[in-house]
Amino acid sequence: MKKVLFVLVIFNLQITFLSSVHAGGMMSNTNQNAAFIRNPARDGVIAIDGVYSNPAGVALMPEGWHISLNWQYAWQRRIAYTDNPVFAKDAKLDGATTRKRYRGIATAPFIPSVQAAYNWKKFSFQGAFAVAGGGGKCEFKTGLGSFDAAVGNVWAKYLQPISGQFNPVLNQLNSSVPVTTGYSCNSYMEGRQYYFGVTLGTAYKIVDTRLVKVSAYAGVRFLYGMASYKAEIKDIKVAGENGTSYSLREYSNALSNGILSGSNNLVMKTAATLAANYASAGMSAADAANKAMQDAPGVAAQSAAGQGLQRMAQGLSERAAALEKYYDGVYLQSDQNGFGVCPIIGLDVKVGMVNLAMKYEFRTKMNMKNNSTVEEAGLFPVVNQFVNGTKVREDTPALLTLGIEIEPIKGLRIDGGYHHFYDRNAKKTYFDAYGVRHDDKNSMLSKGTDEFLAGVEYDFGKNKRWTVSGGIQTTTYGNTDEYMSDLTFVTNSWSFGTGIKYKINDKLSVNAGYFQTNYRDYEQKADYRDSNGSNNTFTRRNRVFAAGLDIDL
């Protein structure tokens, strides 16, 4: 039974938190510099933050050192509304509704990043460190609908039918088991996830004339992922008639006592009948009573009622053994870590006032090794993804970015960009204790993620020391009802960013910005129910603050 809850509650737990709490695709953070926060359309810029967004273009910057130090604070609210018929039996709701609201807060108070480049003649040697995915903690203090539904479904399958099956027989024997009218529980979930990326690469100026400049880039990102997940279901109660409440242990004991009482009553009833028969056959009252007590258990066991009690006791014993495993609730602690390598190529072409750029990041194969409290595989293959020592496949998808920047007049720059994440080609699966792969989650998506970006920047003030900027981004995912659940959801969105840059002197500049993502609601179809029998509505909201210091030497 404990493994049943693991299956229903913990499956794909890690995917929830591998969703980025920042800008970008399901697994990638594209906001790796404060400049992105004030203007997200950075794919065609020629600046130090291009070490991430347009590495080929960095080669067109002046010779010398260029360094960018950045800090970001990200906050996200996740809300899921879950509708499930079994919630009508939740004692806390008292039958008032079958729809419940669950709220999670994801925070990442310190997200650092560093980009650096040394330009020498036609070469640009570059390096960067950033949180390439995840970057914080998400906490659902009241658990999720799938937690409550899992407990409710166990109650409906294992406990609710018992009184209807047992009492017709037990009532004939002046005994009964308590009728259950519902259930209740308390739950909690928390996840922490960080993908740390170190990128090294080199760009080279292929063409360098006054009118036309062309540069190319090749690099590699080394990715280290670490994650920790906690799931807890406790205070599981069984509601009885007239406001009574039982713990699982108490309810299991009450069931056993009901059957035991019925069995004793059957034996005594059989003994009374046998004693009367023996006495009528001429046996003394004392002898008849003694012989009846000796013979009654065997005779009672052979009766129809006795056989019914035997079957009930056997069935109850099996259910009690399963229930006993989580009398004190269910707790899971799973820590994962893994390593991956991502090749990156880029190209930049500048013709007069127009700059065009392209970057392609290859798929990063990631195998996250489990260090968990689950020591052996369960009866259900899906629980094997948490077996201690096994691996979970969590690829970062390939990414294509296209960018353009136009500077029609000195100091005014207009930016545009496009991102495509090849999500369906990135594996999200797990390997059981025998090395067999299961359940490729991303195959349920209808397409990869698409993003369109636009922005504008304007330099003003004395010596053009001030820059004001702003931009927007739209993101659409290939979500389907089969893919989405309260453990795995991200919805289509639109974002805006704005901020300023101030050039302190020829060597130092500061950036500050604010970025907000507004997620649209996603509602599963009315005739669709997930594996827990639930319909869901999902949404999010994301905010990021950032500050950075750029250094040119």
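Reply: Val468 stands opposite Ile500 in strand S17. This is a predicted model, in which local features need pLDDT of at least 70, side-chain atom pairs count only at pLDDT 80 or more, and totals for chains, interfaces and linings use all residues. Residues are numbered from 1 along each chain as its sequence is written, and side-chain values use heavy atoms, with hydrogens and water left out.

Me: How many bridges join S16 to S17?

Reply: There are 10, and the two strands run antiparallel. Strands here are DSSP runs of E with at least two residues, numbered from the N terminus, and helices are runs of H or I with at least four. Two strands pair if DSSP finds at least two bridges between them.

Me: And what joins S15 to S16?

Reply: S15 and S16 (residues 466-476) run antiparallel, joined by 11 bridges. Asp450 stands opposite Thr476 in S16. Five residues lie between the strands of this hairpin, where Gly461 takes a positive phi near 85°.

Me: Leu445 next: buried or exposed?

Reply: Leu445 is buried, with a relative accessible area of 2%; buried means under 20%, exposed over 50% and partly exposed in between, using a 1.4 Å probe and protein chains only. Leu445 lies in the loop between strand S14 (437-438) and S15.

Me: Which residue is 6.4 Å from Leu445, C-alpha to C-alpha?

Reply: That is Arg424, 21 residues apart from Leu445 in sequence.
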